[in-house]
Amino acid sequence: MREQQAARQLALIDRWIADEEQRQAERRRGQERRPEPAKWQIQYGLNPSNVDGVHTGDCWAAARSGRCRAATWQQARDALLQHVPACVHCRPDTALGPLE
């Protein structure tokens, strides 16, 4: 009787371990497949046709605003050349290098 209970408990523990290993493998695969974060972001106003600012990809202020979209180096540079303000926290104008 005790051997059967011990065997059942051991099988249950083995199942728990296998489930946890599968969850960890799925998490790892998800992290590997996650796209690379954008290097530049453009912040839009409440009206999506208005551009409010330019940020680097890792700027905390851009993440907080919720109104940013990924941009290429050229798009960020063009926006700054069109006198769109650069974020005062991440300074994308400095990171982009000389604009002219």
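Start by selecting R23 and E20: they sit three residues apart in helix α1, so about one helical turn separates them (helices, H or I, of at least four residues and strands, E, of at least two are DSSP runs, numbered from the N terminus). The two form a salt bridge, with their closest N and O atoms 2.9 Å apart; the term means a side-chain nitrogen of Lys or Arg within 4 Å of a carboxyl oxygen of Asp or Glu.

A word on what you have open: this is a predicted model, where local features need pLDDT of at least 70 and side-chain atom pairs count only at pLDDT 80 or more, while totals for chains, interfaces and linings use all residues. Residues are numbered from 1 along each chain as its sequence is written, and side-chain values use heavy atoms, leaving out hydrogens and water.

Now colour by pLDDT, the predictor's confidence in each residue, from 0 to 100. The protein chain averages 90. Helix α1 (residues 2-33) has the highest confidence, at a mean of 94, and helix α4 (residues 92-96) the lowest, at 83.

Next, pick D52 and R67, whose side chains meet in a salt bridge (3.7 Å, N to O). D52 is in strand β2 and R67 in the loop between α2 and β3, so this pair ties together parts 15 residues apart in sequence.

Then click on A76. Which residues does A76 contact, leaving aside neighbours within four places in sequence? They are W40, I42, V54 and L96, where contact means heavy atoms within 4.5 Å.

Last stop: D93 and R91, another salt bridge, with closest N and O atoms 2.7 Å apart.
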